[in-house]
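Dear colleague,

Please find below the structure that I am handing over to you.

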Amino acid sequence: RKRYPIQLVEQAGLIQKRKTGEGFYDRYRDRVTIPICDAQGRTIGFGTRTLGDEQPKYLNSPETPLFEKGREIYNFFSARRAIREANSVIVVEGYMDVIALWQHGIENVVATLGTATTAFHLQKLLRQTDHIVFCFDGDKAGRKAAWRALENGLPLISDGKYLSFLFLPEGDDPDSYVRQCGKTSFEHQLSQAIPLSEFLFRELCARNNLQTDEGRAKLVHDAKPLLRQVKASVLSFMLINRLAELSGMDQNELHDVLQIKR
C-alpha cells in the first residue's frame, strides 16, 4: 500500500493537528465523505456532511495546488453527457442538492463548492451548453448569490447563450423540494425560471422609486456599469431598449449617457 508523507496528507486536509500539538486526528471523522473530481474524473478533494450536530454542518477540503474552489464544479465530470443531451445545466449551491436531484432522475446538474459562481465556472459550463439555470433558495442569501452569478455572467454570454434564475419557495432547497414534491413538480418549477434580463431589471427597479425623476435617474445610474459589460450585440440592444422604457428616456440619449457604442 502506497504511503504518503504526513505533511502532504495534512496539506490535503485529511488530517489536522490536535490542539495539544501532539499528533493528528481524522478531520472528517463521523461524516459522510463525498469525493470531488476534476474535469478528467480524478479525485482532487472531498466534501463532507456531519452525521450529528457537530459544526460546521458541511466541511470541504481546503484549497490546495490540486483543488481551487473558484475553478472546480462538483459533478461536472459525471454530468457532461446529460448536459450536452439536454443542452442545459442546472447550477445549485451544494452537493447534497446534486445527489438528491440525481436520485430523482435529473442528471444535468452541478454545484459550486462553497463559493460564489465565478467567471471560470461560467466559462467551463458555457463551453458545454447554451443555457444555464441557477437554482437558489428564495431567501436573501439566495438572491445575493444569484445577483453575483448575474454580474459574472454579463461579460461572458453571447447571443444564443442565455442564463436564467429559479428561486424555490422560501425554506426549501433543491434537496428538500424534490424529495417532498418529486421530479415532475421540480421540472415545472424549472420551466418557470426567469431570464437574466427580467431578473436584472426586477432587482434594479426594486431598489428605486420609478415614480420620481430621481428614482429613474438612479435606475440608469445603477444599470450603466452592468450594461456596459454586455458584449452580445443583440442582447445589449434589447436591454438598452428595456431601460429606455423604464426610465422614459429616448434611446439615442440613453446611448450617450451609457457611453455604449451602437
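Two strands are said to pair if DSSP finds at least two bridges between them. Strands (E, at least two residues) and helices (H or I, at least four) are DSSP runs, numbered from the N terminus.

Please note that this is a predicted model, in which local features need pLDDT of at least 70, side-chain atom pairs count only at pLDDT 80 or more, and totals for chains, interfaces and linings use all residues. Residues are numbered from 1 along each chain as its sequence is written, and side-chain values use heavy atoms, with hydrogens and water left out.

**The protein as a whole**

The protein contains 10 helices and 10 strands. Taken along the principal axes, the box filled by its C-alpha atoms is roughly 70 × 40 × 35 Å. Of its 262 residues, 44% count as buried; buried means under 20% relative accessible area, exposed means over 50%, and partly exposed lies in between (1.4 Å probe, protein chains only). The accessible surface is about 14500 Å², and carbon and sulfur atoms account for 49% of that surface. Such areas come from the Shrake-Rupley method with a 1.4 Å probe, and for residues only the protein chains shown count as cover. Where contact means heavy atoms within 4.5 Å, 60% of the contacts between residues at least 6 apart in sequence join residues at least 24 apart.

**Strands and sheets**

Strand S10 runs antiparallel to S9 (residues 162–168), and 2 bridges join them. Phe165 has Ile194 of S10 as its bridge partner.

Strands S3 (residues 31–37) and S4 (residues 43–50) also run antiparallel, joined by 7 bridges. Here Arg31 has Thr50, in S4, as its bridge partner. The hairpin of S3 and S4 has 5 residues between the strands, and Gly41 takes a positive phi near 85 degrees in this hairpin.

**Salt bridges**

Side chains of opposite charge can pair when their charged atoms come close. A salt bridge is counted when a side-chain nitrogen of Lys or Arg is within 4 Å of a carboxyl oxygen of Asp or Glu.

Arg143 pairs with Glu203, the closest N and O atoms being 3.3 Å apart. Because Arg143 lies in helix H5 (residues 140–153) and Glu203 in helix H7 (residues 196–206), the pair ties together parts that are 60 residues apart in sequence. Arg143 is partly exposed at 28% relative accessible area, whereas Glu203 is buried at 16%.

Arg179 and Asp175 form a salt bridge with an N to O distance of 2.5 Å. Both residues lie in helix H6 (residues 174–191), 4 residues apart, which is about one turn of the helix. Arg179 is partly exposed, at 45% relative accessibility, while Asp175 is buried, at 15%.

Arg71 meets Glu68 in a salt bridge of 3.5 Å, N to O. Arg71 has a relative accessible area of 35% and is partly exposed; Glu68, at 39%, is also partly exposed.

**Helix H9 and two serines**

Ser247 belongs to helix H9 (residues 233–247) and is buried, with a relative accessible area of 8%. A polar atom of the Ser247 side chain lies 2.8 Å from the backbone oxygen of Leu243. Apart from neighbours within four places in sequence, Ser247 is in contact with Arg216 and Val220.

Phe237 is also found in helix H9, and at 45% relative accessibility Phe237 is partly exposed. Val234, Phe237 and Met238 make a nonpolar surface patch of about 300 Å². Patches are made of residues with over 30% relative accessible area and no salt bridge; like charges are joined within 9 Å, and nonpolar side chains (Val, Leu, Ile, Met, Phe, Trp, Tyr) within 5 Å.

Ser88 lies in the loop between helix H2 (76–86) and strand S6 (89–92). Ser88 is buried, at 15% relative accessibility. Not counting residues up to four places away in sequence, Ser88 touches Ile83, Asn108, Thr129 and His131.

With kind regards

Conventions
A polar contact is a pair of N or O atoms within 3.5 Å; within protein, one must be able to donate a hydrogen and the other to accept it, and residues adjacent in sequence count only if both atoms are side-chain atoms.
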